[in-house]
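Subject: Structure handover

Hi,

Here is the structure I promised to pass on. Please open it and keep it beside this email while you read.

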Amino acid sequence: MKTGLELLNVTLEYADGDSTVKALDAVSLSVSSGEFLSLVGPSGSGKSSLLAVAATLVRPTSGAVVIDGSDTSTLNEAERTALRREKVGIIFQQPNLLPALTAVEQLLIHEHLRGKPVREVRRKAEELLDVVGLAGCSEKRPHQLSGGQRQRVNIARALMGSPSLLLVDEPTASLDHERSESIVRLLRRMTDEFGTATVMVTHDTEFLPLTDEVATMRDGRISRALVPSAYPN
Ligand code: ADP
Ligand code: MG
């Protein structure tokens, strides 16, 4: 079985008044476990739509989304939700941390809501905070953390469920250069260590060499396989 993400001829149309907008136009894409793909393209080209479809948050109009060999179009809503929880980690530009909770609690809350005993998952949460460079910050609340640290909590939280896919939408858009680079390096390391199939939407072309491959979107269509090292520094 092929692990990772496959999109097969995926089209997504949104209703727009009397007409429709084609956010994704016959997109096919394959990202294997341990592979880090960056996704670039102008605003409105369909990048976030691609992530939403890959995350099974939005059903495509046609085509197939295959995660770890399982065709998600054959699943009902409950099964899709279960698969998403088990397989998909999502990281948005804004960390969306809960202000009242400490860093470690941000990681625990979803596991707790899933009915897992907190003691069991607490060690994993502490380990992940350590892995993302936040050892010693587990009792801090969002206002006590820098923007880069909050994004690290966000990344650790996305990894709590041991996802197969890591879908990341402009993780560095509100960070300065140095912090942006360290976040992309962290995502590279997480992809290598945890073997996730990682897709990152980004505008930071200077960090593309840290990824394995670059796909470009334009008007809902995808073209792939510029080699990052071909980019001038
Ligand atoms: P990007 O992330 O590359 O900026 P999006 O995926 O957000 O692009 O948007 C792709 C196209 O789909 C755009 O034309 C956008 O206006 C349209 N679109 C995105 N989300 C919706 C929605 N929920 N309803 C209608 N149109 C949408
Ligand atoms: Mg977007």
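Start with the open sheet. It has four strands in the order β2-β1-β4-β5, and the pairing is antiparallel. At the edges stand β2 and β5 (70–71). Each has a single partner strand, so one side of each is left without a neighbour in the sheet. One caution before we go on: this is a predicted model.

**Strands β1 and β2**

Strand β1 covers residues 4–16 and pairs with β2 in the antiparallel sense. The pair is joined over 10 bridges. To find one of them, look at alanine 15, whose bridge partner in β2 is threonine 20.

Two residues of β1 deserve a look. Asparagine 9 sits in this strand. Its phi is positive, near 50 degrees, and it is not a glycine. Here is the background: most residues other than glycine have a negative phi. Is asparagine 9 buried, partly exposed or exposed? Asparagine 9 counts as partly exposed, because its relative accessibility is 48% and that class lies between 20% and 50%.

Leucine 5 is also in strand β1. Leucine 5 has a relative accessible area of 1%, so it is buried. The C-alpha atoms of leucine 5 and lysine 124 are separated by 25 Å, and the two residues are 119 residues apart along the chain.

**Ligand 1**

Next, go to ligand 1. Which residues surround ligand 1? They are Tyr14, Val21, Ala23, Pro42, Ser43, Gly44, Ser45, Gly46, Lys47, Ser48 and Ser49. By class, this shell has four nonpolar, six polar and one charged residues.

- Serine 45: a backbone N or O atom lies 3.2 Å from an oxygen atom of ligand 1.
- Glycine 46: a polar backbone atom is 3.0 Å from an oxygen atom of ligand 1.
- Serine 48: a backbone N or O atom lies 2.9 Å from an oxygen atom of ligand 1.

How much of the ligand does the protein cover? On its own, ligand 1 has 560 Å² of accessible area, and the protein covers 59% of that. The elements that give two or more residues to the shell are β2 (19–32) and α1 (47–54). The largest share, three residues, comes from α1.

**Helix α1 and what follows**

Stay with α1. Seven of its eight residues are buried, so this helix is largely enclosed by the rest of the structure. The buried ones are Lys47, Ser49, Leu50, Leu51, Ala52, Val53 and Ala54. Lys47 and Ser49 also belong to the shell around ligand 1.

Just after α1 comes threonine 56, with a positive phi of about 60 degrees. Threonine 56 lies in the loop between α1 and β4 (62–67). Is threonine 56 buried or exposed? Threonine 56 has a relative accessible area of 1%, so it is buried.

Now move along to strand β8, residues 197–201. Five of its five residues are buried. Both faces are covered. Ala197, Val199 and Val201 are on one side, and Thr198 and Met200 are on the other.

Which strands pair with β8? Strand β3 (residues 36–40) runs parallel to β8, joined by four bridges. Within that pair, leucine 39 stands opposite valine 201. Strand β7 (residues 165–169) also runs parallel to β8, joined by five bridges. Here leucine 167 stands opposite valine 199.

How does the chain get from β7 to β8? The path goes through helix α6 (residues 177–194), and β7, α6 and β8 make a right-handed β-α-β unit.

Threonine 196 is in the loop between α6 and β8. Threonine 196 counts as buried because its relative accessibility is 0%. Its side chain makes a polar contact with the side chain of threonine 198, at 2.8 Å. Threonine 198 is itself one of the buried residues of β8.

That is the tour. Write back with any questions.

Best wishes

Terms used:
Residues numbered from 1 in each chain as written. Chains lettered and ligands numbered in written order. Predicted model: local features only at pLDDT ≥ 70, side-chain atom pairs only at ≥ 80, totals over all residues. Heavy atoms only, no water. Buried < 20%, exposed > 50% of the residue type's maximum accessible area, 1.4 Å probe, protein only. Pairing = 2+ DSSP bridges. Right-handed = clockwise from strand over helix to strand, strands pointing away. Near = heavy atom within 4 Å. Polar contact = N/O pair within 3.5 Å; in protein donor to acceptor, adjacent residues only side chain to side chain. Areas by Shrake-Rupley, 256 points an atom, 1.4 Å probe, with all protein chains shown as cover. Nonpolar A, V, L, I, M, F, W, Y, C, P; charged D, E, K, R; others polar.
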